[in-house]
Amino acid sequence: MSTPLLPQNLTEVATCWRRSEPTRFRAVPVSGRVHTGLPDHLRGWLTALEIVVGTVGLWLSTLTGSLCADPPPAIATDSGESAEVSTVRHPAPSESKLAARLYATEMALGWQYWKQGAIRPLRDLLNRQVPQPGTPADADRRGFEWHYLDRLAHGEIAVLPGSIPVTRGLKFLGDTGRLASFHRIVTNTEPGELRLWTMSEQNTSEVLLREQAKEDGPAIRIGRFAASPDGLTLAVDQGEELQFLNVLTGESLVIPTGHTDSLGALTFSPTGEQLATGCLDGTVRLWDRQTGTIVGELQGHRMGVLAIAWSPSGEHLVTGTGDDRAPLHFQQKNGELKLWDPSRRECICTFPNVPSQVNCVAFAGSRWVVSGGNAGEVLVWDSTTGLQVRRLGTQVGPIRDLAIASDPLRVVAACQDGTARVWNVETGEELATFRGHEGAVTAVSLEPATGRLATGGWDGTIRLWELSQPIERANLGVHPWTILEIHHPADGQTVVTVDYTTVHVFDSQTRRELRTIRPGHWTTSSALSPDGQRVVLGGFANPDGGGTGHVSLWSLQTGERLAAFDPLSGRGIRVELSPDGNWLATTGFSPQREKRLLSLWELTPTGPGKRLGGWTISAEPVFTADNRSLVLAQPEGLRLFDLRTQTLGSPLVEGERPFVQVSAAPMGNRLAATTAEGEVTLWNLERQVVEHRGRVHDAAVSRLLFSPRGETLVTGSRDETRLWTVAPFQMRAELPIPACEMLITPDNRTLVTAWRTLDFWHLETGLPMLQLEDYQMEIPNCLRISPDGNCITEGGGWRDENEGVYLWQAAPRPR
């Protein structure tokens, strides 16, 4: 269901919310879940919203909070019960501010749509934010979150429209570039069709076989079908008969099945020489493809055979059973899974404790057997022991079909909740979720040559996806050590990760590792040159943090060491490059750790030049964006080292307590520094004045970040994160998360924080937009964004078992 549009006149929306009647802000659920006490157009919008999202109190509160001026009134409890609300009149917000808050609220709603599989409402919502022709560029509010949702909502390569609802079967025909699909309406009131698709720019199709009633000629009834590995032959279940159909010539061989009941499954052997058919009478028959004769029969099941799969070698066969004619509660409690030797017609083992009816089964490699059933889980079994080793996924509804991909071994499951989900068979990690169908996904198939995934569903459409390009999140793999830093070179072609012992260079599109550098010492800090060709590594000799300090310069193109530097200390080495790459600052503790020392190196084309410094500092230094100065926090205050004259200036700001963190605005006009007591000092470099000095948190400030345009300052403590307007200095919003890894997107629109979940906040209003709950890093260590703002990366935490690097892509989609 599409969400009704809000009125275009945002001032009108704000006015109706600012009325002082006691019932104006009261949500009263009545029969039919209609909300009284609200304007008709907003009542309709909220009613439609509740159908998808659920709890009305939560979203009514969010919406009214976003449409009213600060401070927003309390609206209703999360349970949906009505609540008394203040009737104080609030000043009308500006049109621009109102539009910003409405945008943030709709992005939050869009994320709820995505999580619940409501793709059509999500697309409608996103389209409302697309600027009309002639709209000024600054009126386009779309940021990373919009493009990320847009990619999610349009993740498929192509959509093949179906003329008949419900795709009941789907098979790529080997490497021929063709796809076969079977469609039949749920009520069986219309004849079904077996279609053949040719994969090209046009993706054309033709009807191979259409069902027909007896009065229209020879009766044709299609149950299910299988495709030979070479893609030349289809085996079609036609009730009491089995048809072998050549897709190139149209020639066919029709034989009686001899089964006493309907077929529940059929599949070709890996060589294509034999076909196995499973019947609802519990028997399995083996057929010769060329002659159509029976070459063997397997007996021993108590229920109907609904799933069959051959091992890659063809030496084994696995079968799954259930009773799909029984009530659903019975299907969820009964099932069998058996492993057979088809050459000897013997059952090797019966897998124990199968939780429900088995709808589909597949071999993943030669050892693992993967099954899916009505319990809503994908189960992994060891064929050598017959034991269950892993459960993949929960509460996704009955699993209707499976497909296996190799290198690494992955299983794709067709799920009742409208998704196709991908797991690593050997680790159990969920790798991707593909959403787009309206209703359950009923069939999946993989094309061997390209790795493309085809999915079919109740909506009758077939959707094509790139299996190697996860939509929601990609992974650069598990690293053996904690990720210390992630770098995005300006060309956008690579991602560089640094851990304690190794530098990895990955292709940002394919995620393939291109190069590995092992410096031979433990690394604690790194810096990337502006051209993305070199990396500076700082660290120490011993794993315990002691020994000789090391600072070295490496080529990312060749993996060679270009230069080495002699730091003042061997403990806690940190490195920082100037924006133009001509200066290197290195810091470290003195031998007794009683003070921190700074060295400044001038870089030349051949390596390190003159070394300056030996200064004592209280916080890590920062270079100004204009490459003119290095900002030092010393015990006597903030000082600037002029890189042009190579002189150290007098203290800019003197404080009673030492500064522990310094940040320079990207525009180069301001500095901010904090003390351990939560005090912030804001210094204007152009006017040479202190613009603000005062306490901003009750606890120490451990995060300090300027927005790209320098008009917003973000501070974080152990209890909360706050957004401040710089001029005049005042708090704009408070976020209920502690200080954590954070960044602001280059377009100056979105704040991203990483603390157990990855959260996207609207920078102007402070409103939450997206929250990625499946975020796996327990303790985030670094959060970075590419220079073009299209890729966010996060590195693993200190105590996380799955330390690695994750990527979220939001490159604008071609329209």
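Mentor: Begin with burial: buried means under 20% relative accessible area, exposed means over 50%, and partly exposed lies in between, using a 1.4 Å probe and protein chains only. Helices (H or I, at least four residues) and strands (E, at least two) are DSSP runs, numbered from the N terminus. This is a predicted model, in which local features need pLDDT of at least 70 and side-chain atom pairs count only at pLDDT 80 or more, while totals for chains, interfaces and linings use all residues. Residues are numbered from 1 along each chain as its sequence is written, and side-chain values use heavy atoms, with hydrogens and water left out.

Trainee: Which residues of helix 5 are buried?

Mentor: Start with the general idea. An α-helix has 3.6 residues a turn, so residues three or four places apart point the same way. In helix 5 (residues 119–128), the buried residues are I119, P121, L122, R123, L125 and L126.

Trainee: What covers the buried residues of helix 5?

Mentor: The cover is judged by contact, meaning heavy atoms within 4.5 Å. For helix 5 it includes helix 4, helix 6 (144–153), strand 27 (430–435) and strand 30 (462–466).

Trainee: How do I read a nonpolar core?

Mentor: In soluble globular proteins, nonpolar side chains tend to be buried together. A nonpolar core is a set of buried Ala, Val, Leu, Ile, Met, Phe, Trp, Tyr and Cys residues joined through side-chain atoms within 4.5 Å. The largest one here has 48 residues, and M107, Y148, V412, F434 and L770 touch the most other members. Helix 4 (residues 95–115) gives the largest share of this core, seven residues. At least three residues come from each of domain 1 (150–468) and domain 2 (653–769), with domain bounds taken from an automatic or database domain assignment.

Trainee: Which residues is Y148 in contact with?

Mentor: Leave aside the neighbours within four places in sequence. Y148 is then in contact with W111, I471, E472, L770, L772, W808, Q809 and A810. There is also a second, separate core of 16 residues, which includes C360, V380, A413 and W423.

Trainee: How many salt bridges are there?

Mentor: Side chains of opposite charge can pair when their charged atoms come close. A salt bridge is a side-chain nitrogen of Lys or Arg within 4 Å of a carboxyl oxygen of Asp or Glu. The count comes to 31 salt bridges. In one of them, E211 pairs with R184, with the closest N and O atoms 2.6 Å apart. The two residues are 27 residues apart and link distant parts of the chain: E211 is in the loop between strand 7 (204–210) and strand 8 (225–227), and R184 is in the loop between strand 5 (178–183) and strand 6 (193–198).

Trainee: Is E211 buried or exposed?

Mentor: E211 is buried, at a relative accessible area of 5%. R184 is buried as well, at 8%. For another pair, take R421 and D417, whose closest N and O atoms are 2.8 Å apart. There R421 is buried at 12%, whereas D417 is partly exposed at 33%.

Trainee: Which residues are joined into one network with R784?

Mentor: R784 meets E485 in a salt bridge of 2.7 Å, N to O. R784 lies in strand 60 (residues 782–785) and E485 in strand 32 (residues 483–487), 299 residues apart. R784 is partly exposed at 26%, while E485 is buried at 14%. Salt bridges that share partners join E485, R703, E741 and R784 into one network.

Trainee: How many disulfides are there?

Mentor: A disulfide is a pair of cysteine sulfur atoms within 2.5 Å. The count is zero. Among the cysteines, C740 is buried at 3% relative accessibility, and C791 is buried at 6%.

Trainee: What should I look for in the backbone?

Mentor: Most residues other than glycine have a negative phi, and most peptide bonds are trans. The bond from D407 to P408 is cis, with omega near -5 degrees, and P408 is in the loop between strand 24 (399–405) and strand 25 (410–415). The bond from A727 to P728 is also cis, with omega near -10 degrees. P728 is in the loop between strand 54 (721–725) and strand 55 (730–735).

Trainee: Where does N353 lie?

Mentor: N353 lies in the loop between strand 19 (346–350) and strand 20 (358–364). N353 is not a glycine, yet has a positive phi of about 55 degrees, and is exposed at 67% relative accessibility.
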